[in-house]
Amino acid sequence: MSDEKRPETETFRLVLGGYDDLAEVYDLMRKQFPRQEIYQIRDFIQMVNKDKYKILLYRRVEDDQLIGYATTYSMPDCKTVWLDLFAVLPEFQYQGYGQKLFDAVFQKYCGMFDGLLLCSERVDPSDPEKAKIQQRRLEFYHKVGAYVLHTDFQLPVESGGFPMYLLFKPNRGIHGLSREDQMRIVRNMFDYCYGHVKHRQALFQQFKDSIVDEIFQVKGKGAHHG
């Protein structure tokens, strides 16, 4: 995920994945994400079989090479898209593909919505090597225009809650996100994507008081709040 430029002759397409792609994508997810962030295969299949949860594949047109992938959950009632998982394959990282994939997802699926909600691992200073990766990922999201929200968000996992930064990439003309809207969005996402986690509502109660009204100040492409 760098600014390194690729040959101008390369072209890409973002395509909707289906059941036939599920095994390949799930295998990639298990290799690229912390175990706590990965769904059980049965839960992942159930979501993919529903209308609102999508697997998106980013392929190079010239040879159909898979470059990266994302999974999203659309919430029309909340005017928000949840960017659940987002990754570039290891051999294509730090070559500028990450921004291309992010922009493609945002442009294709967020046109009718207020913005894109996502999360990123909190920087853990106790592990310097891991912290570098976490900080680099956070800087990437900042570069593509996402704002770090103030909330002490936790992702529902079977063992409890996984502390994460919650971020929002607003669409053009959106300059803030109310506390009420954030609570509605997170509740909706928890129920749909984490319905299998029984303590999800109790977890939400733990951090809901840290959710505040957000104002997005235009500073380049994005700004940190946290």
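Author: Start with helices α3 and α4, whose crossing is right-handed. Keep in mind that this is a predicted model.

Reader: What makes the crossing of α3 and α4 right-handed?

Author: The rule is about which way the near helix is turned from the far one: clockwise, by less than a right angle, means right-handed. The crossing of α3 and α4 falls in that class.

Reader: Which residues of α3 and α4 meet?

Author: Gly 98, Gln 99 and Phe 102 in α3 meet Phe 140, Tyr 141 and Lys 143 in α4. Sorted by class, that contact has three nonpolar residues, two polar and one charged.

Reader: How do you know that Gly 98 is buried?

Author: Buried means under 20% relative accessible area. Gly 98, which lies in helix α3, has 1%, so Gly 98 is buried.

Reader: What about α5 and α6: why are they called roughly antiparallel?

Author: Helix α5 (residues 179-193) and helix α6 (residues 200-207) pack at about 155 degrees, with their axes 10 Å apart. Angles over 145 count as roughly antiparallel, so that's the label for α5 and α6. Their crossing is right-handed. On the α5 side, the contact is made by Met 183, Val 186, Arg 187, Phe 190 and Asp 191, and on the α6 side by Arg 200, Gln 201, Phe 204 and Phe 207. By class, you get five nonpolar residues, one polar and three charged.

Reader: Gln 182 and Gln 134: buried or exposed?

Author: Each comes out at 3% relative accessible area. The cut-off for buried is under 20%, so Gln 182 is buried and Gln 134 is buried. Gln 182 lies in helix α5, where it touches residues including Leu 149, Leu 177 and Ile 211. Gln 134 lies in helix α4. Leaving aside neighbours within four places in sequence, Gln 134 is in contact with Glu 121, Arg 122, Val 123 and Asp 124.

Reader: Why is Lys 79 called partly exposed?

Author: Exposed would need over 50%, and buried would need under 20%. Lys 79 has 46% relative accessibility, in between, so Lys 79 counts as partly exposed. Tyr 94, with 38%, is also partly exposed by that rule. Lys 79 sits in the loop between β3 and β4, and Tyr 94 in the loop between β4 and α3.

Reader: What is there to say about phi of Lys 79 and Tyr 94?

Author: Most residues other than glycine have a negative phi. Phi of Lys 79 is near 55 degrees, a positive value, and phi of Tyr 94 is near 60 degrees, again positive.

Reader: Last one: which residues touch the most other members of the largest nonpolar core?

Author: Trp 82, Phe 153 and Cys 193 do, in a core of 78 residues. Not counting residues up to four places away in sequence, Cys 193 touches Tyr 39, Met 47, Tyr 53, Tyr 73 and Trp 82. In soluble globular proteins, nonpolar side chains tend to be buried together.

Terms used. Residues numbered from 1 in each chain as written. Predicted model: local features only at pLDDT ≥ 70, side-chain atom pairs only at ≥ 80, totals over all residues. Heavy atoms only, no water. Core = buried A, V, L, I, M, F, W, Y, C linked by side-chain atoms within 4.5 Å. Buried < 20%, exposed > 50% of the residue type's maximum accessible area, 1.4 Å probe, protein only. Contact = heavy atoms within 4.5 Å. Axes fitted to C-alpha atoms, helices over the stretch in contact; angles between N-to-C directions. Helix = DSSP H or I, 4+ residues; strand = E, 2+ residues; numbered from the N terminus. Parallel < 35°, antiparallel > 145°, perpendicular 65-115°, else oblique. Nonpolar A, V, L, I, M, F, W, Y, C, P; charged D, E, K, R; others polar.
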